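The structure comes first, and the text follows.

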Amino acid sequence: MPAVATNPTLKGVHLTRTYGDGAKRRAALRDVSIDLFPGQLVLLMGPSGSGKSTLLAVMSGLLEPDSGQVLAEDGGDLRDVWTMTPKEREDFRLRTTGFIFQGYNLFPALTARQQLEIVLKWGGYAGGAEARRQADDMLEKLGLLPNRHKKPAHLSGGEKQRVAIGRALVKDPTFVFADEPTSALDWENGQRVMELLRDAAHDRGASILVVSHDHRLLPYVDVYYHLEDGHLEERPLIPAGH
Ligand SMILES: Nc1ncnc2c1ncn2[C@@H]1O[C@H](COP(=O)(O)OP(=O)(O)OP(=O)(O)O)[C@@H](O)[C@H]1O
Ligand SMILES: [Mg+2]
């Protein structure tokens, strides 16, 4: 377990979110509060439809909550992500956040390598040969270097998933949100991905929130939450051998 700083870098405070109107109205989050700390890998589990993707979207600045706050550390201050202007929020996300979508959301026209290069270029991290080197470095860690010239249509589901993971991690983000990042992977590649996520947290101080249904991920994480029917509860991690 790494040393964890005392102050959270991202706080969800009394978050609620409903979808639909009238009789179709349905609460996805009911008063959820969560603190994410630097250097921590956090697992979020719960049944299908319990609100996991909704919580990730709200915490990452993609989906506005009905009430509550998302407070993010930015340059020493805690800022409410949802009182920023859309432009400020977009800049903040570009600078600080990596998101691995449940459906991957790759760009159909770009090769595996270009998906990573473009993130480095857009965020102003690296360009040209340096962006290519960093992209290839990450693809190598994911076992994808031989696939670097392939577009999504020619990649398997698990390969697409790993490209999406590389795209989220290549810029070394402060916050990483991963929605079922190992769902399409065999266990060997799943372990490789969890090791990369754990390194990003423990070695580089990222705050990482991972959604999964897979109990085999538990030994990799520092904190474990269960979400059910829009309610969040921290659960103890049972040490190995117990
Ligand atoms: N855009 C939407 N419009 C209407 N209802 C939605 C929308 N997105 C999610 N919901 C509903 O909100 C609830 C929570 O959805 P969410 O996608 O957060 O669940 P989840 O825990 O991620 O599920 P899964 O494990 O299946 O991915 C579900 O009942 C879902 O049907
Ligand atoms: Mg989901």
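Ligand 1 takes up the space of the second largest pocket. The model is predicted.

The shell around ligand 1 consists of 14 residues, and the closest are Ser48, Gly49, Lys52, Ser53 and Thr54. By class, eight residues of this shell are polar, three are nonpolar and three are charged. Two secondary structure elements, β2 (26–36) and α1 (52–59), each supply at least two residues of the shell. The largest share comes from α1, which gives three residues.

| Residue | Protein atom | Distance to an oxygen atom of ligand 1 |
|---|---|---|
| Ser48 | polar side-chain atom | 2.5 Å |
| Gln102 | polar side-chain atom | 3.0 Å |
| Ser50 | backbone N or O atom | 3.2 Å |

## Ser212

Which loop holds Ser212? Ser212 lies in the loop between β8 (207–211) and β9 (223–228). With a relative accessible area of 3%, Ser212 counts as buried, because the cut-off for that class is under 20%. The side chain of Ser212 reaches the backbone nitrogen of Asp214 at a distance of 2.9 Å.

Notes. Residues are numbered from 1 along each chain as its sequence is written. Chains are lettered from A and ligands numbered from 1 in the order in which they are written. This is a predicted model: local features need pLDDT of at least 70, side-chain atom pairs count only at pLDDT 80 or more; totals for chains, interfaces and linings use all residues. Side-chain values use heavy atoms; hydrogens and water are left out. A residue is near a molecule or strand if one of its heavy atoms lies within 4 Å of it. A polar contact is a pair of N or O atoms within 3.5 Å; within protein, one must be able to donate a hydrogen and the other to accept it, and residues adjacent in sequence count only if both atoms are side-chain atoms. On a 1 Å grid over the protein atoms alone, a cavity is a set of points where a 1.4 Å probe fits but cannot get out, and a pocket is an open set with protein on both sides within 12 Å along at least five of seven lines; lining residues have an atom within 4 Å of a point. A molecule sits in a cavity or pocket if more than half of its atoms lie within 2 Å of its grid points. Helices (H or I, at least four residues) and strands (E, at least two) are DSSP runs, numbered from the N terminus. Ala, Val, Leu, Ile, Met, Phe, Trp, Tyr, Cys and Pro count as nonpolar, Asp, Glu, Lys and Arg as charged, and the others, Gly among them, as polar. Buried means under 20% relative accessible area, exposed over 50%, partly exposed in between (1.4 Å probe, protein chains only).
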